[in-house]
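Please walk me through this structure, part by part. I have not seen it before and would like a plain account.

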Amino acid sequence: MQPHPPQTPAPSAAQMPASASGPSDAALPASVDVAIVGGGIIGISTAYSLACAGLRVAVFEKGTLACEQSSRNWGWVRTLGRDLPEVPLAQRANRLWAEIQEKVDVGFRRSGIFYLQENDADAAGHQAWLDGARAHGVDARLLDRRTVQDMLPSTGRAWTGAMYSPTDGVAEPQMATRGIASLARAAGAHIVEHCAVRGVERSAGRVSALITEHGRVATQAVLVAAGAWSRLFCGNLGADFPQLKVRGSVLRTTPLDAGPQAAINGKDFTCRKRADGGYSVSQFGASMADVVPDTFRLMPHFFSAWRANSSFVRLRFGKRFFEELKIPNHFPPDRESPFERHRVLDPSPSSRGVAQAWRRLVHAFPAFREARIAQSWAGYIDVTPDAMPVMDAVPGLPGLYLASGFSGHGFGIGPAAGELMAQLIQGQTPAIDLHPFRYGRYGT
């Protein structure tokens with residue numbers, strides 16, 4: 001079956017949902033305890049935790065809240081399949097999502113997640129992950145063929161079983177960040193949209209102020225949670241953060257009652273039920289990494305990762321190389337910055353990747369023949385060489401912190417990452433070990 005063409009274009013910043021958190025705070029505060037660069041799920045979750053702790057905190061977003069990857073992701077809240085150091089974060093985040101949902105609607109529900117398998121090698125891989133994650137007490141198990149058949153709609157593929165967690169779930173990306181922002185504001189956080197940060201001012205060797213396009217804000221600490229822009233921002237301050245961008249494409253369907261209620265990883269496609277009754281659908285092989293100048297600068301860090309993941313991420317040389325070639329690596333704080341010239345990363349989706357995902361979904365679950373593709377879009381995922389985030393103080397720049405490089409995993413663990421960064425910034429010992437996410441692990 002050929003996919004139906006999208007009925008609406010990919011979402012742009014102007015098409016993002018109306019704010020659930022009220023209008024942007026217009027006036028800049030003169031001073032705050034902590035200033036946060038970036039209004040995505042990580043920055044807003046950190047602001048919420050800091051505000052609840054009684055600190056004066058402000059978030060500065062060059063566009064609108066969650067206008068990039070935080071509203072463009074799959075919407076999964078998963079423990080399954082994560083790198084083992086991330087598992088405790090995922091477990092804590094699952095509990096925090098439930099607490100947040102009791103206060104504001106972010107679309108969180110424990111739908112369950114299946115990682116389907118088709119052969120003994122798949123089953124062995126899932127068992128190996130379960131063996132490693134067992135020390136964390138994960139709520140997950142292997143299911144046999146018959147159990148999977150009983151739990152899922154009629155399928156056109158010969159699944160031999162699945163790895164399954166009944167307590168993993170989903171939330172709605174276009175609701176979540178703004179919902180958490182409403183809680184942060186209620187706790188006293190200041191959130192300013194359409195306000196790019198140009199740089200950081202230092203006094204006596206440490207952070208003393210944030211310089212925005214609209215003025216200066218005195219602060220004792222700055223958190224960079226700028227997603228795909230974090231490398232550029234940090235580089236302008238002399239911190240070489242090894243991070244590249246990968247374009248991921250997603251589609252959503254029209255409402256369908258006959259599809260699976262749980263989220264599905266079908267190896268070469270994924271799907272999850274949305275609050276609007278449709279499904280978000282993607283595939284791992286639809287990810288594309290544009291070859292840009294940083295590709296060559298960071299090749300020693302990323303070469304092994306590219307070779308290992310060549311079936312999931314494809315390299316492409318095109319106009320993006322020349323677009324990024326024009327972006328200066330260093331810029332003064334008293335002039336227009338690159339963040340003002342290009343406020344929102346809004347790449348076009350891969351039509352081939354979207355079509356493949358749709359065909360594979362319909363083949364796996366014929367019930368989707370009754371649905372249509374309503375929309376497709378893309379976003380830039382901020383990736384690191386080991387596909388795990390950096391959550392740490394930036395060495396050599398006292399008062400500067402970084403939470404970025406979540407490599408497509410950030411939405412689901414966002415509330416826990418924010419809580420941990422708030423603890424770190426306050427000088428507390430984080431409740432979960434952040435050593436695996438230290439800045440210096442890349443030798444930069």
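**Helix α1 and what follows**

Helices here (H or I, at least four residues) and strands (E, at least two) are DSSP runs, numbered from the N terminus. The model is predicted, and local features need pLDDT of at least 70, side-chain atom pairs count only at pLDDT 80 or more, while totals for chains, interfaces and linings use all residues. Residues are numbered from 1 along each chain as its sequence is written, and side-chain values use heavy atoms, with hydrogens and water left out.

Helix α1 covers residues 41-52, twelve residues in total, and reaches 16 Å from its first C-alpha to its last. That is close to the 16 Å expected at 1.5 Å a residue, where the expected span is 1.5 Å times one less than the number of residues. Ten of the twelve residues of α1 are buried, so the helix is largely enclosed by the rest of the structure. Buried means under 20% relative accessible area, exposed over 50%, and partly exposed in between, with a 1.4 Å probe and protein chains only. The buried residues of α1 include I41, I42, Y48 and L50.

Which strands pair with β4? Two strands pair if DSSP finds at least two bridges between them. With strand β6 (residues 161-165), β4 pairs in the antiparallel sense over five bridges; there, Y115 has M163 as its bridge partner. Strand β13 (residues 263-265) runs parallel to β4 and is joined to it by three bridges, with A263 as the bridge partner of I113.

**A357 in helix α11**

A357 lies in helix α11, which runs over residues 351-364. Is A357 buried or exposed? It is buried, with a relative accessible area of 1%. Leaving aside neighbours within four places in sequence, A357 is in contact (heavy atoms within 4.5 Å) with F269, V281, S282 and Q283. The C-alpha atoms of A357 and D268 are separated by 7.4 Å, although these residues are 89 residues apart along the chain.

**Confidence**

The predictor's confidence in each residue is its pLDDT, from 0 to 100. The chain has a mean pLDDT of 91, and 91% of its residues reach 70 or more. Over residues 1-22, however, the pLDDT is below 50, and this stretch has 62 contacts in the model beyond near neighbours in sequence.
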